[in-house]
Each structure stands twice: as C-alpha cells, then as structure tokens.
Amino acid sequence: MADKVLMKGNEAIAEAAIIAGCRHYFGYPITPQTEIAAYMAKRMPKIGGTFLQAESEIAAINMVYGVASTGLRVMTSSSSPGISLKSEGLSYLAGADLPSFIVNVQRGGPGLGGIQPSQSDYFQATKAGGHGDFRMIVLAPASVQEMAELTVHGFDLADKYRMTSMILADGTMGQMMEPVSLDFKIAEPVEKPWATTGTQMKREHNIVNSLFLSPDVLERTNFERFKKYDTVCENEVMYEEYMMDDAEICIAAFGIAARVSKNAIVEARKRGIKVGMIRPITLWPFPEKQFAAAAEKVRAFISVELSMGQMIEDIRLAVNGKAPVTLCNRVGGMIPSPDEVLDAIIKVSEGGNN
Amino acid sequence: MKRITLFAGHYGSGKTNIAVNYALQLRKALGRDKDILVADLDIVNPYFRTKDSCAVLQENGIKLICSEYANSNLDIPSLPSEMYAITDTPSYAVIDVGGDDRGALALGRLSAKIKAENNYENLMVINMFRPLTRTPDQTVEVMREIEAAGNIPFTALVNNSNLGPLTSADDILRSLEYAEKISRLTGLEVKMTSVDARLFESLQGKVEDLFSLTLQPKIF
C-alpha cells in the first residue's frame, strides 16, 4: 500500500484537481466542504497556483468565468446554499460555452437547512442549475477514491465539451476518510483556440460572451449546444451494476445511499431475495437505457435517496410504466440505515407497493 | 502519570479516537474512585467528535466536556464554560485538541494555567499516510504551527500512522522509521504507537509501547 494516502473526500477532490492541472481555486467557506478550500490554501502557494477566498459565492463563480475564458483549468466548490448563489454564474458559463469544474458537497435543505449530509440538490444539478436552456455533466462519487477519479475525469469532460462538469457529493462523502491512490492518467490537453489569451496582433480578437443581439443567432447557438449535449448523452454515461444478473428487484441509488444499499442487498440475498442495484455515476447524462433494459427483467424498482424523491422521477421516465418504482428515503441530514433499506426490499419482495 | 494529557496534531491524524481510548485505559489504571474527564476543544470540525463516544464514556464514569452543538446542525465555534474544569478541578483530564494550528487556537485560553501547574503531557499525534504530513519535515512544520497556536510545547509523540480499515501490520512497521526520524528532529520520545485492535496481536513484541485502539463500527 506504499502509494496510498489516507484522505478525506474533500481533500481527495482538492489534490486530484491539482494533479489534473488546476492552478486556480476561488471559493467561499461553507460546511461541509471547507476542507477543499483549506487544502487549496495550503497547497496552491507552494506550486505557483492561486487560492483566493472571494468576498462571496457570486464573486467566486465569476472569477471562475474569468479564468475559464483564458482556457486555464479552474474550479470552485461549495455546499447547497452556496451553489444556489452560484447558479447565475453557472448559467453564464453555459451561455458562453466555457469549461469549468464545480463541486457541490450537499447538506440538508431547503434554506440554510443544516450541515449534515443530503442529496436533495439532484433536481438543481441535473435540471435547473440556473436560468435558460442548459445542461451540466453531473458526477456522483460513492467513495473517496471516486471523489479523486471523477475530479480528474470532470476536468477532462469539461474541456472536451466546453461545458461545466459538477461533482455532486454529500457531507458524508466529503468528510469520510479512506485510502486513496493518486496515480491517474491525465488526458491530452485540449486545444482551446477560442480562449482570450492575447492576439499578439496576429489574429482577430476572441470574444467570450453570453449575450446575443440577434434572436435567430441565439436560437441557432442553442440548437447547436443541444446537439453537443446529445453527443454527451451518447458517449459519457457512467454507471455501476451490482448483482443485477438474476435480480428481480432493482435498487437505484447513488453516492452514500448506494453504499448503504450494498450492505442491505447482501443481507437480502442471505434471505433468498434476488435484489441488485444500478448505481448511476453520471446523474446527467442519466443511464436511462440501463434502467429501461432492467425494466424488461425486474418486477420492481426501489429508489434509495437522501431527498424527498428526486432521482425517482428520472427512473420512472426511463422505466416508462413497465414496473412500479417506490421510494426509500431519509431527509434533513439523516442517512437511511442498511436495516431500513432491507425493510423496504422485504416489503417490495412481499408484494407491497410502499 | 501526569494529571493532564493533551492530544494534538494534524486534522484527521486520529486524535479523537486516541483520546477516547486513552481515557478508557486511564479508568482501568486508576480504578473507579478517581475523577476523569475528557474535554473536546475542537472549534473547527463539526463532525467525528468525542460526542460520538458519549455512551461508552458515561458507562465508565468519565465526564465529557464538549460543545453543546457538536453533532447538531449548528456550525458554531463555541466551547462550554465547563471547560475551565480542566484547570480548576483536580480531575484527571484527557484533552482532544482540534486539528492543525487553527484547531489548537482554543487551547491558548488554558495554556498559561496548564504550564504554571506543570503536571501535563502534550502529545503530538502523527500519521505518515496523511497527505500533508507524509515526510518527517512536513510533520515537524505542522507541529511547530500547532505549538505556536496552542502555546504549549509538545512533550512526546504518538505514532498513529494508519490507512483506515486497510492498514496492514507492514504499514505500521514501515512507519516506525518515520516516527523515529521525527523523534530525532525534535528530541521528543515516541511515547506509543497506536494501532487498530485487530492488528494488536500480530504486532506485539515487534513494536515498543503498542497501544490498542477500539474504533467505532462502520455502517457504510
């Protein structure tokens, strides 16, 4: 284990970002993701990077916009209420087709809510990151190792598609400590001929902007952007299937809910209940084909979430009425126990609907 | 044995687990009739607190002093007035200092009295598998920052090098050289090497001053 270190999820994101070539971090502290900023504050000055604690979340996301315009790798991180503040900036980044990397280590809401873990920003991340028609790639890690790996992947995807990729983690993933290997393959740097790096009087000015004076040009830009999103849906879906080969019940869960669910599945299997899991790793693009295929084989789905039921809507759309989809959830900073998930599995296996 | 034992170090080095286990060990060594308290002085990290262990401390007649907001939804850097019991009562005291220099700042409020009484041991908890304390030099740098913030010099080291549940006996053996180097750089002895209870037997006889840790169960 010589090459491994013991890291908090938040630290793993920060170190992986540095390895991915990010030298610009802008943020504003908020629990439970403050370790990302604290780690950057210690590391960035030692490697010639910039750590800046902005005066607000809104300032930080606009600093991201500025650095992204120059084509350099840049990030910010926050937790739920802070991401709401950043949402205007996320829309501007999308409107200007800028690559950026954003982290949301979710806490209980709505409002100021609480500092304990939650997954209730699923809608916000996958459907309503800000005003206007746009998408973000949303990555949902379920271990500290994945926090690191998906950070590197997130930077690569952002550059490849000129869009925002977001890590959607929760307080537990941010705070828990696990051994991590930081041995990553970094993708070849993407050419960024659009970046505002100075013309040297040798070319026309590049313009980075989300304002379009002519409606038909704005319409065309939107249509083209959504063609790009189609390519992302085609090529970038990530998921894990767990014990699905003979499964009659399929659990859907991501992040910490998936870890709890795995324990419950092992217990249910000991009782002879054939249950498996599809764990979406990309929440957008959502693994809808995988759920549609599973709907041909299993007789019921259970969505395990730390929310009032948000991902369940995407599962129902993918399953398209072929099997019932029920919810097993805790909210407000509480995590379902493996026993609670097991109870939900037993109920469904005995034919109940809830 | 000193009346006050402090555990400080880089955050995530394992101070809280060691402090709780050390207090339970102290109860065994001192018998039932001595007063023992555990004080959690962490004003930075709202998670993974001594409060997680309040039931086992209570069973063993050990008083726990910590922020009344620990493990709640309120993220506020506060300590209860009860913390003055550390210096103002004759109880044996085990102190869980917050991580890094920022976490050790609260200790500064008590440092003058602790040093005047001069019946304390201040232990630096080290873990070579943490990313910012991988080398002896980095660790000594963090150690000096903590000393400056807490205003109490360290008196010894606790080698708590670990990779969580994946730690092997070999990892511990490899960490001995790291701890020894820090000892030479600072002139402080390694008071103990703490390991997960599951590794204790396989390392007994191979590592001096081995200390067994009972960790909290994991549910995911």
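Modeller: Domain bounds come from an automatic or database domain assignment. On that basis, chain A is divided into domain 1 (4-235) and domain 2 (240-349).

Biologist: What are the ground rules here?
Modeller: This is a predicted model, where local features need pLDDT of at least 70, side-chain atom pairs count only at pLDDT 80 or more, and totals for chains, interfaces and linings use all residues. Residues are numbered from 1 along each chain as its sequence is written, chains are lettered from A and ligands numbered from 1 in the order in which they are written, and side-chain values use heavy atoms, with hydrogens and water left out.

Biologist: How many Å separate the centres of domain 1 and domain 2 of chain A?
Modeller: 28 Å, taken over C-alpha atoms. Domain 1 of chain A puts 33 residues into the contact and domain 2 of chain A puts in 26. Contact means heavy atoms within 4.5 Å.

Biologist: What area do those domains bury?
Modeller: About 2400 Å² between domain 1 and domain 2 of chain A, 59% of it on carbon and sulfur atoms. Buried area is the accessible area (1.4 Å probe) that two parts lose on being put together, summed over both. On the domain 1 side, Gln119(A), Tyr122(A) and Phe123(A) lose the most area to domain 2 of chain A, together 30% of what that side buries.

Biologist: How many salt bridges between the two domains of chain A?
Modeller: Four. The rule is a side-chain nitrogen of Lys or Arg within 4 Å of a carboxyl oxygen of Asp or Glu. Asp314(A) forms one with Lys127(A), with the closest N and O atoms 2.7 Å apart.

Biologist: Switching topic. What about chain A against chain B?
Modeller: Chain A and chain B bury about 2600 Å² between them, and carbon and sulfur atoms give 59% of that. The contact takes 33 residues from chain A and 30 from chain B. There are two salt bridges across this interface. Lys46(A) forms a salt bridge with Glu141(B), the closest N and O atoms being 3.9 Å apart.

Biologist: And strand E8 of chain A, why is it largely enclosed?
Modeller: Because four of the five residues of E8(A) (residues 177-181) are buried, the rest of the structure largely encloses it. Buried means under 20% relative accessible area, exposed over 50%, partly exposed in between (1.4 Å probe, protein chains only). Strands (E, at least two residues) are DSSP runs, numbered from the N terminus.

Biologist: Which strand pairs with E8(A)?
Modeller: E1(A) (residues 4-8), antiparallel, over five bridges. Pairing takes at least two DSSP bridges between the strands. Met7(A) has Glu178(A) as its bridge partner in E8(A).
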